Amino acid sequence: TKTGTIYEAIGGFNVVDTLVTAFYQHVGNHPKLTPIFPDDLTETARKQRLFLTQLFGGPRWYTEDRGHPMMKRRHLPFEITPERRDAWLSCMDAALTESGIDEPYRSAIFEKLTMLAQHMMNTPD
Ligand code: HEM
């Protein structure tokens, strides 16, 4: 693992795994999000573990498995409104707390994901 990355600093794959598991627990129970997500979130969570590992500076498993991230393009089939963006981020905020990720990494991660979520919107409320 590369040194000086968020990935290494937070504790590597175990912590990404815990974060993603907690996150989809919230997504699967959020009335604003369940309409657009599959009932079985196993595969969604698997891809997100690969993606966040890569985003945080760890191994490039997402690209190896799925190709170029093109996140905006991959989200075009789903209506991502400001309301859904906020719901997604609230699930992530809770998951960051539950997985025990401390400052300064917590804020660094949340800021990165807030920018990405903003970029993912494709539909007005
Ligand atoms: C896939 C919703 C933001 C990363 C998906 C899927 C939905 C979704 C419905 C498809 C799930 C499936 O079919 O398995 C949303 C909503 C967002 C949002 C409502 C609100 C802004 C983000 C952000 C990231 C992200 C900020 C980056 C961390 C991913 C990844 C996948 C995915 C990695 C799997 C892509 C693949 O097929 O390889 N998202 N998303 N999403 N999302 Fe999001």
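Around the ligand sit 21 residues, of which T44, F51, W88, L116 and A117 come nearest; a residue counts as near when its C-beta atom, placed from the backbone, lies within 6 Å of the molecule. The model is a predicted one, with local features needing pLDDT of at least 70, side-chain atom pairs counting only at pLDDT 80 or more, and totals for chains, interfaces and linings using all residues. Numbering starts from 1 along each chain as its sequence is written.

By type, the shell splits into 12 nonpolar, 3 polar and 6 charged residues. Here Ala, Val, Leu, Ile, Met, Phe, Trp, Tyr, Cys and Pro are taken as nonpolar, Asp, Glu, Lys and Arg as charged, and the others, Gly among them, as polar. Helices are DSSP runs (H or I, at least four residues), numbered from the N terminus.

As for α3 itself, Q48, L50, F51, L52, T53 and Q54 are buried, meaning that 20 or more other C-beta atoms lie within 10 Å of the residue's own, with C-beta atoms placed from the backbone. The cover over these buried residues includes α1 (6-10), α2 (13-27) and α4 (61-66). Just past the end of α3, G57 adopts a positive phi of about 95°.

Zooming out, the protein chain has 7 helices and 0 strands. Its C-alpha atoms fill a box of roughly 40 × 30 × 25 Å along the principal axes, and buried residues make up 20% of the 125 in the chain.

Conventions
A residue is buried if 20 or more other C-beta atoms lie within 10 Å of its own, exposed if 12 or fewer, and partly exposed in between; C-beta atoms are placed from the backbone. Helices (H or I, at least four residues) and strands (E, at least two) are DSSP runs, numbered from the N terminus. Two residues are in contact if their C-beta atoms, placed from the backbone, lie within 7 Å.
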